[in-house]
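Here is a briefing on one protein chain.

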Amino acid sequence: MAEKREFPHHMIKEIFEQPQGLHDTIAPRIALPEGQVQLNEVPIGREELRALNRINIVASGTSRHAGMVGQYMIQELGGIPADVDYASEFEYRNPMIGKGELTIVITQSGETADTGAAQREAKARGSRTVAISNVAGTTIAREADGVIYTLAGPEISIASTKAFTAQMAALFLFALHISQARETLAANLRENYIRELLELPAKLKILLECASQVERIATEFHKVDDFLFLGRAIHYPIAMDGALKLKEVSYVHAEGYPTGETKHGPNALIDENLPVVIIATRDAGNQGSVLRYEKSLGNIRGFKKQSSRVIALASEADQEVPRLADHTIVIPQASELLSPILEIVPLQLFAYYMAVKRGLDVDRPRNLVKSVTLE
Ligand code: BG6
């Protein structure tokens with residue numbers, strides 16, 4: 001699985017392996033007849049889950065962006081407050097870890113020094129730890145009380161893609177697992193989510209057909225040296241990761257920002273030389289999502305008045321965004337908590353094609369390594 005096969009780079013191969021990685025991470029953990037999630041690898045019993053007061057999530061880089069998405073999933077479905085920290089910052093904030101707190105450490109490699117140090121810090125303060133990792137038998141996996149493995153297969157490219165979508169799926173499974181123990185979600189809603197989870201790999205496979213459209217967009221923008229990536233709520237971490245992917249592989253400066261924050265400063269930057277990539281999807285069945293979508297439409301109108309070029313991600317059947325944005329990439333319909341797993345795909349492709357058009361070594365970007373094992 002670690003060979004490039006017919007692909008020119010590991011990164012594009014791993015982007016196209018995401019439907020399989022999602023399926024392999026999700027399917028073994030679903031008990032269909034009962035419509036339940038089965039996460040036997042997490043040795044935290046029902047009573048302990050019901051007694052939980054807080055979950056701390058620590059990770060680095062792309063894995064932390066998965067943690068930021070997981071925070072919404074865990075709070076919404078599990079009814080537990082969750083915090084997310086940079087692993088490299090965790091110890092500095094003197095985390096007051098009290099009784100009934102669990103620490104989740106997310107790490108593709110299982111060897112990132114900062115994340116391992118944060119895990120030891122959490123354990124020293126009395127917290128149990130659960131790792132979400134893509135590699136078996138690693139330092140962080142061994143030191144955790146339990147490990148939820150993402151089964152995305154070996155990820156060779158320095159920029160993390162298939163591990164990232166699998167991490168978000170694993171966090172969603174964990175959030176449903178918590179909701180089962182704490183009875184915070186009606187059985188019919190859980191069954192709907194489980195059905196949607198099982199359909200997600202096929203939706204992602206269809207979404208990959210946008211690759212040629214994204215390649216054309218990258219051709220138009222490949223000489224641009226500055227981008228702003230925007231998203232609201234659970235989509236903000238996806239904007240962050242889209243910006244990080246672009247930085248990592250194409251050396252283009254890009255910043256991920258909450259859409260609502262642009263009026264507090266970044267708007268001064270937005271003009272014909274600063275394109276904006278904005279996530280403007282909506283879950284029609286979710287009132288908050290529709291409200292945030294309406295606000296994002298207003299943002300796009302404002303950016304166009306400032307002569308910026310706008311690349312938007314919009315939900316299928318949306319008529320408004322394509323009328324306003326310079327380029328619109330259509331995302332298959334999905335619930336608000338699951339659409340981030342789809343939205344990152346065109347942003348991964350954009351970063352990849354930008355790097356290729358700029359003639360760079362996509363799989364081995366300068367100054368970066370796959371796993372930072374020294375603090
Ligand atoms: C960086 C990688 O070095 O480490 C990123 O380039 C990754 O892709 C980050 O997200 C964290 O790595 P890990 O293995 O702990 O998820």
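Helix α10 passes helix α14 in a right-handed crossing. The model is predicted. The two axes come within 8 Å and cross at roughly 50 degrees.

**Helix α10 against helix α14**
- On the α10 side, the contact is made by A211, V214, E215, I217, A218, T219 and F221.
- On the α14 side, these residues meet P346, L349, F350, Y353, M354 and K357.
- By class, the residues of this contact divide into 10 nonpolar, 1 polar and 2 charged.

**A218, a residue of that contact**
- A218 sits in helix α10.
- Its relative accessible area is 0%, so A218 counts as buried, the cut-off being under 20%.
- Neighbours within four places in sequence aside, A218 touches F350, Y353, M354 and K357.
- I57 is 161 residues away from A218 in sequence, and the C-alpha atoms of the pair are 34 Å apart.

**Helix α4 against helix α11**
- Two packed helices are described by the angle between their axes and the distance between the axes.
- Helix α4 covers residues 61-78, and helix α11 covers residues 236-250.
- Their axes are 8 Å apart and the packing angle is about 170 degrees.
- Angles over 145 degrees count as roughly antiparallel, so α4 is roughly antiparallel to α11.
- Helix α4 passes α11 in a left-handed crossing.
- From α4, the contact involves G61, T62, R64, H65, M68 and V69.
- From α11, it involves Y236, P237, I238, M240, D241, L244 and K245.
- The contact of α4 with α11 has 7 nonpolar, 3 polar and 3 charged residues.

**The chain as a whole**
- The chain contains 14 helices and 12 strands.
- How does the radius of gyration compare with that of a compact globule? For 375 residues, such a globule would have a value near 21 Å; the chain has 20 Å, which agrees.
- Along the principal axes, the C-alpha atoms fill a box of roughly 55 × 45 × 40 Å.
- Of the 375 residues, 58% count as buried.
- Take the contacts between residues at least 6 apart in sequence: 76% of them join residues at least 24 apart.

- Most residues other than glycine have a negative phi.
- S307 has a positive phi, near 65 degrees, and is not a glycine.
- S307 is in the loop between α12 (287-305) and β11 (310-315).
- The relative accessibility of S307 is 42%, so S307 counts as partly exposed.
- N367 is not a glycine either, and its phi is positive at about 65 degrees.
- N367 lies in the segment after α14.
- Is N367 buried or exposed? At 76% relative accessibility, N367 counts as exposed, the cut-off being over 50%.

**P322 in helix α13**
- P322 belongs to helix α13, which covers residues 320-324.
- Its relative accessibility is 41%, so P322 counts as partly exposed.
- P322 and A312 are 10 residues apart in sequence, with 8.0 Å between their C-alpha atoms.

Technical notes
Residues are numbered from 1 along each chain as its sequence is written. This is a predicted model: local features need pLDDT of at least 70, side-chain atom pairs count only at pLDDT 80 or more; totals for chains, interfaces and linings use all residues. Side-chain values use heavy atoms; hydrogens and water are left out. Axes are lines fitted to C-alpha atoms, for helices over the stretch in contact, and angles run from 0 to 180 degrees between N-to-C directions. Helices (H or I, at least four residues) and strands (E, at least two) are DSSP runs, numbered from the N terminus. A crossing is left-handed if the near helix is turned anticlockwise from the far one by less than a right angle, and right-handed if clockwise. Contact means heavy atoms within 4.5 Å. Ala, Val, Leu, Ile, Met, Phe, Trp, Tyr, Cys and Pro count as nonpolar, Asp, Glu, Lys and Arg as charged, and the others, Gly among them, as polar. The radius of gyration is taken over C-alpha atoms; the globule rule is 2.2 Å times the number of residues to the power 0.38. Buried means under 20% relative accessible area, exposed over 50%, partly exposed in between (1.4 Å probe, protein chains only). Angles under 35 degrees count as roughly parallel, over 145 as roughly antiparallel, 65 to 115 as roughly perpendicular and the rest as oblique.
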